Amino acid sequence: MGCQNNVTEFILLGLTKNPELRQIFSAVFLIMYVATMLGNLLIVVTMTASQSLRSPMYFFLTSLSLMDAIFSSVVAPKMIVDSLSESTTISLQGCMTQLFAEHFFGGVSIILTVLAYDHYVAICKPLHYTTIMSPRACCLLLGGAWVGGFLHAMTQLLFMYQIPFGPNVIDHFMCDLFPLLTLACMDTHILGLLVILNSGVMCVTIFLILIVSYVVILCSLKSCSSEGWRKALSTCGSHLTVIVLFFVPCIFLYVRPVPTYPIDKAMAVSSITPILNPFIYTLRNAEVKNAVKKLWMQ
């Protein structure tokens, strides 16, 4: 069926139509958003100001915290406002901008693989760490993550702009690929496969690389003392928790056919884990906690 693309705005139905639940969700997500911003910006300020946190790991963690703060701001503020408003529209340009931003900063999650590589080199090749993780290498790795995120998001945006839309009601709280494809006035089978090849394969690949990396790290520590092994297991276990919470919902959302399901909204919410990253990756670290204390005692 063909149709002209006369859609200039979309209506977002949000998480639920129940007014009371919408208010509750708005309050909960506002608290989560504020905590996310404060936690991540605290890490950025602390690591930027502290002279003792100048190793490659903290360089990557600063970038991760900055990315998490921006990524949270792509969807959360509008979702919070929409939950309290009767007008939940978003323009076509705004929808495409949100789509690009969420996949750009979500795609930069490749930084997690860079962090895993940094941990691997630090633990398995400590004598060569400063040579392998030189400032130039760190900048190249970080630049590669940002370029990868940009290419991933731009690919999605280019083919979404070519789609003619008929209906304009999105049964979601944000603009995303499959909810938009269900509104298309064309056969979306090929486009659905492209989404799987782009977003789905990327999520699965990064997830498997991270899992294998941490398994290799743990296996290399078998000869350590029981106390060292427990400490490494605790650290790697907390990192793997964040990885699973982020990538499993992403894999569910993007490695499948086009039709959407009610559980998609819950999965999309559960994939937003930036609130956990400051606590898992940094605030459990003694050096970071001491740096935070020194910064705020000045």
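Student: How far is the sulfur of cysteine 138 from the closest cysteine sulfur?

Tutor: Start with the general idea: a disulfide is a covalent bond between the sulfur atoms of two cysteines. Now the case here, keeping in mind that this is a predicted model. The closest cysteine sulfur to that of cysteine 138 belongs to cysteine 139, at 6.9 Å, which is too far for a bond. The cut-off to keep in mind is 2.5 Å between the two sulfur atoms.

Student: Is cysteine 138 buried or exposed? And what about cysteine 139?

Tutor: Cysteine 138 has a relative accessibility of 4%, so it counts as buried. Cysteine 139, with a relative accessible area of 47%, is partly exposed. To read these labels, remember that under 20% is buried and over 50% is exposed, with partly exposed in between.

Student: Which cysteines does a disulfide join?

Tutor: The count comes to one disulfide. It links cysteine 95 and cysteine 175, whose sulfurs are 2.1 Å apart. This pair ties together distant parts of the chain, 80 residues apart: cysteine 95 sits in helix 3 (residues 92-107), while cysteine 175 sits in the loop between strand 3 (169-170) and helix 7 (177-181).

Student: What is the angle about the S-S bond, and is the link left-handed or right-handed?

Tutor: The angle about the S-S bond is -130 degrees, and the link of cysteine 95 and cysteine 175 is left-handed. Both cysteine 95 and cysteine 175 are buried.

Student: Let's turn to charges. Which side chains meet in a salt bridge?

Tutor: The general idea first: side chains of opposite charge can pair when their charged atoms come close. In this model there is one salt bridge. Its partners are lysine 78 and aspartate 82, with 3.3 Å from N to O.

Student: Where do aspartate 82 and lysine 78 lie?

Tutor: Both are in helix 2 (residues 56-84), and four residues, about one turn of the helix, separate them. Aspartate 82 is buried, at 8% relative accessible area. Lysine 78, at 23%, is partly exposed.

Methods:
Residues numbered from 1 in each chain as written. Predicted model: local features only at pLDDT ≥ 70, side-chain atom pairs only at ≥ 80, totals over all residues. Heavy atoms only, no water. Salt bridge = Lys/Arg side-chain N within 4 Å of Asp/Glu carboxyl O. Helix = DSSP H or I, 4+ residues; strand = E, 2+ residues; numbered from the N terminus. Buried < 20%, exposed > 50% of the residue type's maximum accessible area, 1.4 Å probe, protein only.
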